[in-house]
Structure formats: structure tokens, C-alpha cells
Amino acid sequence: MTRIPINPELLTWARERAGMDTFALKRRFPKLDAWESGALQPTLRQLEDFARKVHVPIGYLFLPEPVQESLPIPDFRTLADRAITRTSPNLLDTLYLCQQRQDWYRDHVRLHALDPLSFIGSATVADDPVITAEAIRTTLDLSLAERQQLPTWTEALRQLVSKAEEAGVLVMASSIVGSNSHRKLDVAEFRGFALADELAPLVFINAADSKAAQMFTLAHELAHLWLGESGVSDPEAGRIPEQAIERWCNMVAAEFLVPMEALHAAYLADGRPAAEIQRLARMFKVSTLVALRRLFDAGFIDQATFWQTYREELARIRTLDRGGSGGGDFYRTLGTRTGRRFARAVLSSTLEGQTLFQDAFRMLGVRKTATFYEAARELGVML
């Protein structure tokens with residue numbers, strides 16, 4: 001039995017990087033303590049199994065020292081008022097996968113000689129958020145009245161995603177890495193990110209969040225695209241971020257979802273704040289935190305009332321179920337996870353012989369040819 005001489009610090013780094021339960025990992029690899037201390041070296045097969053389990057490229061474990069990983073795009077997160085010091089492999093792998101999809105789609109757009117999208121990078125943080133919010137609403141051809149008539153937040157989110165994709169934005173939402181249901185994304189780590197590009201702008205939403213929260217995240221990331229700024233974000237309506245970009249994107253998102261003029265018309269002055277934010281949240285199909293923030297922005301509640309209600313509402317929300325687990329109808333989930341615009345483009349290109357099936361399978365998270373053809377039928381690419 002041949003054992004592989006490696007730097008034991010790499011095993012410790014890989015375990016900590018994965019953020020997995022140590023006891024569960026040691027049950028799977030009983031000799032892990034000995035490997036990490038250098039008293040024993042793993043075999044090649046054991047090392048391969050370990051690398052798969054902790055989601056690290058096995059080549060990393062043969063390096064002389066741990067690789068210094070960093071996000072490939074700007075990081076605008078400040079979770080719970082503290083900066084993020086380590087990025088999980090789940091977020092990294094999701095970002096890399098979306099970048100691969102974006103690269104493919106950019107080439108697809110060039111092949112079909114489609115025009116660049118003029119709204120990407122059309123705004124600056126010096127612009128009035130109200131004007132930018134209206135520009136987004138106009139570009140997406142969105143009607144506030146139509147959204148208010150929708151029965152649920154799910155329908156409102158679906159409408160917003162559809163309108164963004166019709167405008168040329170790739171919108172992907174998932175609570176797992178790729179199609180691996182064992183690798184769940186943590187909403188406590190990030191809520192979304194934007195990959196700005198004139199030909200293939202992409203927004204990813206962490207679908208582990210509530211539907212109402214996903215609405216705000218999508219609006220926030222659209223503001224990033226209008227700035228032409230890529231980045232990972234943790235947008236929350238009630239918190240005021242330190243970064244100027246994030247503050248501006250939050251203001252645009254809030255005005256986009258709850259226009260101040262419409263809020264003044266809808267506000268009932270004789271209602272209690274807790275009851276009023278629930279009513280406004282239902283009316284505008286936004287989270288209660290967005291409704292609360294807009295009441296404060298409008299001057300309808302003072303700062304003390306805002307923060308007291310904010311803390312109470314945040315505690316209530318944390319007891320509720322989040323958005324989704326990645327289950328449900330596979331083909332509908334595929335259209336959400338990869339975005340209908342992207343999925344249809346890949347399916348069409350593959351059926352036309354321009355993209356290899358193996359590349360399509362990898363980008364769509366499909367394993368079987370029969371599944372591929374059924375997806376093409378379900379998404380209207382073939383009869």
C-alpha cells in the first residue's frame with residue numbers, strides 16, 4: 001500500500017476551508033488526526049476520497065503550502081457588522097460555475113451578432129437613486145400596479161426574473177451548488193452577486209433566502225449592473241452598508257420596489273408600525289424589512305421606532321422558513337437554477353451541433369441524454 005507524502009498542513013487547511021463538521025469527517029476518515037499530525041500519510045485513494053468530501057481540487061493537496069484563495073470579483077459583504085475573512089468552497093464553486101456559464105453565453109451572443117446592452121454601466125453612484133430606479137423599471141417594462149395585483153411573493157419574484165431576462169440579463173437562483181443537493185448555500189454567507197458584462201450580464205440569487213428577500217436582492221444586483229460593477233453582496237434593507245456602492249444600490253432597490261410617491265399614497269397614518277409594515281409588504285410584494293425601511297425613509301416613523309421594530313421583525317423573520325431547498329419539479333427547477341434564457345440558449349446550441357453535449361451537461365447540471373431532451377421539450381426548445 002503506497003502512501004503519499006504531502007504537507008499535513010494542507011489537510012488541516014482543506015478541512016477548515018470546507019467548514020464541515022469535524023466529528024462527521026473523522027467518522028468518514030478515522031485516521032484524519034494521524035494524517036494532520038504527520039504521523040501517518042494517506043494513500044492516493046484515501047487522498048482522492050478526502051478531496052472529494054471537502055470539495056477541494058486534489059492538486060491543491062500536493063502543493064508545498066495552502067493556496068491563498070480570494071474571490072474573483074469584489075466583495076461587498078459585511079455580515080452582522082463584521083467583514084468576511086474566509087470564503088466557503090460552496091460560494092467559490094458557485095461563482096466559478098456562473099463565470100463559466102457567462103463566458104459561454106458571451107461567445108453565444110457574439111456568434112449571433114447581438115448588440116451590447118446599453119444599460120450596463122449607464123449609471124454612477126452620483127446619480128439620483130430615484131432616477132435610476134425609474135430607468136430600471138422602464139427598461140424591464142415593469143408595472144407597479146401589475147405587481148400589486150399578483151397573489152403571492154413567489155409570483156412577483158417570478159415576474160421580476162422574467163422581465164429581467166427579457167431585457168437580456170441572465171438570472172440564476174439556487175440554494176445549492178450546481179445540481180448537488182448535498183452542497184447547500186448559506187444565506188448567512190451571501191445573498192447574491194452580479195457579474196457585469198455588456199453582452200452577458202448575470203445575476204445570481206441565493207434561493208435559500210425568503211422570496212421577499214430574494215426580490216430585494218435581485219433589485220440590488222440589477223442596480224450593480226446599471227453601475228457596471230460586479231460584486232458579491234449581502235443586501236438587507238434595514239442595514240446601512242459602509243461601502244458607498246452598496247448604500248446606493250440599496251437605495252435604488254428600495255425605490256424600485258416601493259416608489260416613494262406610491263408609498264405616500266398608500267400609507268395609513270393611524271396604523272401601528274408593526275401592522276402597517278405587514279400591510280405594505282403584502283401590497284408591494286416586498287419583505288417587511290423593506291416596508292419598514294421605506295416608512296423610515298419617508299419620515300413616517302422616527303429612528304427609535306425604526307430600530308426597535310427592526311430588531312423585533314428581524315427576530316420574527318429568523319424563525320420562519322426560508323425560500324427553497326432545491327427540490328420540486330426538476331425541469332422547472334432547471335429553468336430557475338440556470339435561468340431560462342441561458343438554459344434555452346445552451347439547449348438550442350447543442351441541438352444545432354454548435355455545443356458539445358458534454359459541455360451542455362456540465363453547464364446545465366444534467367447527466368443523462370434522456371433528461372437533456374426532456375428539458376429541451378419542457379423549455380420549449382423542441383417539440
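A: Ile176 stands opposite Lys184 in strand β3. This pairing belongs to a predicted model, in which local features need pLDDT of at least 70 and side-chain atom pairs count only at pLDDT 80 or more, while totals for chains, interfaces and linings use all residues. Residues are numbered from 1 along each chain as its sequence is written, and side-chain values use heavy atoms, with hydrogens and water left out.

Strand β2 (residues 176-177) and strand β3 (residues 180-184) run antiparallel and are joined by 2 bridges. Two strands are said to pair if DSSP finds at least two bridges between them. The strands themselves are DSSP runs of type E with at least two residues, and helices are runs of type H or I with at least four; both are numbered from the N terminus. Together β2 and β3 make a hairpin with 2 residues between them. Gly178, in the turn, has a positive phi of about 60 degrees.

Strands of a sheet pair through backbone hydrogen bonds, either parallel or antiparallel. Here, 4 strands are arranged in the order β1-β5-β4-β6, with mixed pairing. The edges are held by β1 (170-174) and β6 (231-233); each has a single partner strand, so one side of each is left without a neighbour in the sheet. From one strand to the next the twist averages 15 degrees; axes are lines fitted to C-alpha atoms, for helices over the stretch in contact, and angles run from 0 to 180 degrees between N-to-C directions.

With strand β5 (residues 202-206), β4 pairs in the antiparallel sense over 4 bridges, and the two form a hairpin with 6 residues between them. Within this pairing, Gly192 stands opposite Ile205 in β5. β4 is also joined to β6 by 3 bridges, and these strands run antiparallel. In β6, Ser233 is the bridge partner of Gly192. Both faces of β4 are covered: Gly192 and Ala194 on one side, and Phe193 and Leu195 on the other, are all buried. Buried means under 20% relative accessible area, exposed means over 50%, and partly exposed lies in between, with a 1.4 Å probe and protein chains only.

Ser230 is located in the loop between α9 (211-227) and β6. Ser230 counts as buried because its relative accessibility is 17%. A polar atom of the side chain of Ser230 lies 2.8 Å from the backbone nitrogen of Ala196. Apart from neighbours within four places in sequence, Ser230 is in contact with Ile73, Pro74, Phe76, Ala194, Leu195 and Ala196, where contact means heavy atoms within 4.5 Å.

Asp234 lies in the loop between β6 and α10 (244-257). Asp234 has a relative accessible area of 7% and is therefore buried. The side chains of Asp234 and Arg191 are joined by a polar contact of 2.8 Å. Such a contact is a pair of N or O atoms within 3.5 Å; within protein, one must be able to donate a hydrogen and the other to accept it, and residues adjacent in sequence count only if both atoms are side-chain atoms.

α13 is mostly covered, with 8 of its 10 residues buried. These are Thr288, Leu289, Val290, Ala291, Leu292, Arg293, Arg294 and Leu295.

Lys285 is found in the loop between α12 (273-284) and α13 (288-297). The phi of Lys285 is near 60 degrees, a positive value in a residue other than glycine. Lys285 counts as buried because its relative accessibility is 5%. Just after α13, Gly299 takes a positive phi of about 85 degrees.
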